[in-house]
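This report covers a predicted protein model. Overall features come before a single site.

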Amino acid sequence: MKKVWFVAHYAMPPQYEMRWKTYKYAKILQEQGYDVTIFSASTIHNKDINLITDGSEYIEREYDGLKFIHINVCNYKGTASPARIINMRQFSSRFRKIASRDMQAPDAIVSDANIVAYKPIWKYCKEHNVKFILDMRDLWPEGFVDYLGFSRKNPFISACYARERKMYQRCDDVTFSIEGYGDYIKERGWENKIDMNHMHYINNGVDIEETIKNRQENVLEDADLTDDSKFRVCYVGSIRLVNNIGKLVDCAALLKDREPDVRILVYGIGDQEEALKKRCEEEGLDNILFKGFVDKKYIPYILSTVDSGLLVSSKVNLMRFGTSLNKHFDYMAAGKPIISNIRAGYDMTEKYNCGIVLDNDNAEDLAEAIIRLKNMSKEEYEIICKNCTEAAKLFDYRVLTEKLRQIIEA
């Protein structure tokens with residue numbers, strides 16, 4: 001029996017988990033006979049919770065039969081605070097110390113570490129002859145350039161790029177959640193400095209079996225979901241500036257009189273929610289409804305009842321390499337057409353003919369796309385629905401875990 005550790009700073013107990021990839025990997029591998037443990041931080045990201053309050057170095061827990069070891073790290077607030085950087089570095093350095101002292105080494109480690117915190121984990125693997133697989137979720141420092149406006153010539157950014165390249169060179173294998181990882185590496189001029197045979201694409205995904213189960217067992221009582229006199233388009237996710245939900249309000253204003261039977265349903269919360277609700281009230285927009293927070297178990301049912309899923313966001317240049325939005329896979333698994341204002345590189349909606357993709361994020365084009373889908377023939381609509389269902393199967397967590405298993409065993 002092979003022993004696999006997931007060293008995943010942000011993995012959480014199931015009641016808090018929002019990023020399910022590591023948890024699903026671990027669960028499925030364990031079902032296949034692997035000895036699996038997840039190492040994670042004691043802090044819960046974006047929540048004022050630390051699982052260790054008594055000064056213990058680490059605690060061992062079991063959730064749904066899956067072993068976790070939570071490592072004691074400092075609290076932090078804010079996504080870009082110095083305390084968060086300290087927290088990440090504490091996690092990886094303390095992992096190395098605890099694992100070396102108290103535990104028998106595994107055969108492989110899969111870690112979603114980044115340039116800030118990977119080194120102690122890599123050093124542990126070198127010291128104990130453990131295969132090191134890096135699971136890249138975000139491109140750092142490229143994200144700093146696109147989201148924060150840093151110049152690539154900035155000395156700090158240049159140093160980060162050098163550290164990133166060295167990180168890829170040191171790993172036994174790297175998995176990327178963006179399909180265009182090869183383009184990124186070539187843009188950086190690293191294709192002859194990194195063994196591309198050990199670079200792999202494994203996107204985020206969806207648990208189709210669990211989706212079907214939740215759709216059947218977790219029905220949300222909401223009259224707007226069952227009002228078949230309306231054409232219902234739905235957004236599920238955070239209501240933050242980066243998600244561009246204001247465009248949905250703009251779209252609702254355009255559709256109010258022109259297509260009065262269209263309803264835009266928004267499930268989620270965020271710091272833009274109250275301002276957008278107030279704007280709708282002031283403008284008399286009753287065709288867009290903010291439904292608030294909903295437990296994830298209800299999402300499959302919600303999406304199964306509406307006519308389309310809305311994939312909206314602010315587009316950034318980083319998307320030229322592809323996207324890995326969790327809601328994208330939820331929408332596909334619902335088997336309903338997607339309307340997207342994000343034309344990304346390696347665009348999955350377009351690639352698998354899962355709906356309508358717009359070239360820009362203006363409200364007029366979004367409104368026209370909703371009208372086009374509403375007036376689509378039943379035959380064309382059902383073909384797109386089938387395409388979504390089939391595409392989702394390619395990203396089922398069991399399919400993704402098999403890709404990872406093959407890398408572990410290679």
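## Fold and dimensions

The protein has 15 helices and 16 strands; these are DSSP runs numbered from the N terminus, with helices being H or I of at least four residues and strands E of at least two. The model is predicted: local features need pLDDT of at least 70, side-chain atom pairs count only at pLDDT 80 or more, and totals for chains, interfaces and linings use all residues. Residues are numbered from 1 along each chain as its sequence is written, and side-chain values use heavy atoms, with hydrogens and water left out.

Along the principal axes, the C-alpha atoms fill a box of roughly 70 × 50 × 40 Å. The radius of gyration of the protein is 22 Å, which agrees with the value near 22 Å for a compact globule of 410 residues; the radius is taken over C-alpha atoms, and the globule rule is 2.2 Å times the number of residues to the power 0.38.

## Burial and contacts

Of the 410 residues, 54% are buried, that is, under 20% relative accessible area with a 1.4 Å probe, protein chains only. Contact means heavy atoms within 4.5 Å. Among contacts between residues at least 6 apart in sequence, 74% join residues at least 24 apart.

## Asn244

Asn244 is in the loop between β11 (231-236) and α8 (246-258). Asn244 counts as buried because its relative accessibility is 12%. Beyond neighbours within four places in sequence, Asn244 is in contact with Ser313, Ser314, Asn341 and Asp361.

Methods. Buried < 20%, exposed > 50% of the residue type's maximum accessible area, 1.4 Å probe, protein only.
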